[in-house]
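Thanks for coming, everyone. Please look at the sequence and the model on the screen while I talk.

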Amino acid sequence: MNDADDPTVLRLDEYLAHPPARVWQALTDPDLLAQWFMPGDFRLSVGHRYTMRGTAMPGTGFSGTVKAEVLAFEPERMLRLGWRDADPASPAGADWTITWTLEPEGRGTRLFLTHEGFDPGSEMQRRARSIMDGGWRRLMTGSLAAVL
Amino acid sequence: MRREVLRLLRERGPRSVQELASGFSMARPSFSEHLRVLREAGLVSERRDGRRRLYSLEPVPLVRVRDWLDPYERFWRDKLSALRHLLDDAETADTGTTTDSKTTDTTTCAGGPPYDSGGGPRADQDEERP
């Protein structure tokens, strides 16, 4: 499957003018994480579970508080985290895998983010329905009302 | 009836006229007339697939489905931007300090040495190819 089109995966990347060691530190040092990401009791150890408090995302149902777990890592190369919404009733139904990948690029680092596990069966359907329902309503009230 | 056709296309994907018509008790010419109206309204499109004509729902109202990831993408873009600023600012601050501050940072990292699990240092991680 061409996962550029995979609606269950979000991929981003960013060039940072700093060597992988610095970027890695920012990804794994709790004090630094608190500065740019979210405060939480992160520890670089596979199986470590921790909680991060961020901000809710209106429109997604995501509560903003994450129960996370370190799933895997390779120093200065890859860090994989499991994320669940701390609110089990969250309509976002978050059960995600977040993977940071670091690649040296020139004198800096290209940092890749993969956010996997969006559930098309629930969230996307819900969103699609609401978008389509809105679409239907617009169509119904517009000039196309006669057609339908 | 036309809404029912749209629902079928939405739920089951592209369908030939025959497949669509089989769901309705209606003479084929009348059915084709309904399809024509939908087509002209831009709600469905028609393409040839061999000898069949396949009708699909036009993606206009659907193409935005991917938008539901937008809040998450914005979230990460914001975070990545914050990360870049943090690193850039730290670099600026570092130019006035000694270079071995990095070593100190590592040892003060909460939770002990950062490489304490996951198999330890890898043999291949230090080699840079020319």
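I will go through confidence, then the sheets, then the cores.

First, the ground rules. This is a predicted model, where local features need pLDDT of at least 70, side-chain atom pairs count only at pLDDT 80 or more, and totals for chains, interfaces and linings use all residues. Residues are numbered from 1 along each chain as its sequence is written, and chains are lettered from A and ligands numbered from 1 in the order in which they are written.

Confidence next. pLDDT is the predictor's confidence in each residue, from 0 to 100. Chain A has a mean pLDDT of 79, and 70% of its residues reach 70 or more. Over residues 128–148 of chain A, pLDDT is below 50. That stretch still has 16 contacts in the model beyond near neighbours in sequence. A contact means two C-beta atoms, placed from the backbone, within 7 Å. Where pLDDT is low, the predicted coordinates should not be read in detail.

Now the sheet in chain A. Six strands form an open, antiparallel sheet, in the order E1-E6-E5-E4-E3-E2. Strands pair if DSSP finds at least two bridges between them. The edges are strand E1 (9–16) and strand E2 (49–53) of chain A, each pairing on one side only. From one strand to the next, the twist averages 25°. Angles run from 0 to 180 degrees between N-to-C directions, with axes fitted to C-alpha atoms, for helices over the stretch in contact. E5(A) and strand E6 (residues 108–116) of chain A share 9 bridges. In one of them, Ile98(A) partners His115(A) in E6(A). H1(A) lies across E1, E4, E5 and E6 of chain A, at about 160° to E5(A).

On to chain B. Chain B has 5 helices and 3 strands, in the pattern α-β-α-α-β-β-α-α. Its 3 strands form an open antiparallel sheet, ordered E1-E3-E2. E1(B) and strand E3 (residues 52–57) of chain B are joined by 2 bridges. Ser16(B) has Leu54(B) in E3(B) as its bridge partner. Helix H1 (residues 2–12) of chain B packs on this sheet, touching E1, E2 and E3 of chain B, at about 90° to E3(B). H3(B) packs on the sheet too, touching E2 and E3 of chain B, at about 115° to E2(B).

A quick check on that helix. H3(B) has 13 residues, and at 1.5 Å a residue it should span 18 Å; its end C-alpha atoms are 18 Å apart, so the two agree. The expected span is 1.5 Å times one less than the number of residues. After H3(B) comes Gly42(B), with a positive phi near 75°.

Last, the cores. A nonpolar core is a set of buried Ala, Val, Leu, Ile, Met, Phe, Trp, Tyr and Cys residues joined through C-beta atoms within 7 Å. Buried means 20 or more other C-beta atoms within 10 Å of the residue's own, with C-beta atoms placed from the backbone. The largest core has 24 residues, and Ala26(A) and Trp83(A) are among those touching the most other members. Which residues does Ala26(A) touch, not counting those up to four places away in sequence? They are Leu32(A), Trp36(A), Leu83(B), Leu86(B) and Leu87(B). A second, separate core has 9 residues, including Leu6(B) and Tyr55(B).

Key:
Helices (H or I, at least four residues) and strands (E, at least two) are DSSP runs, numbered from the N terminus. A residue is buried if 20 or more other C-beta atoms lie within 10 Å of its own, exposed if 12 or fewer, and partly exposed in between; C-beta atoms are placed from the backbone.
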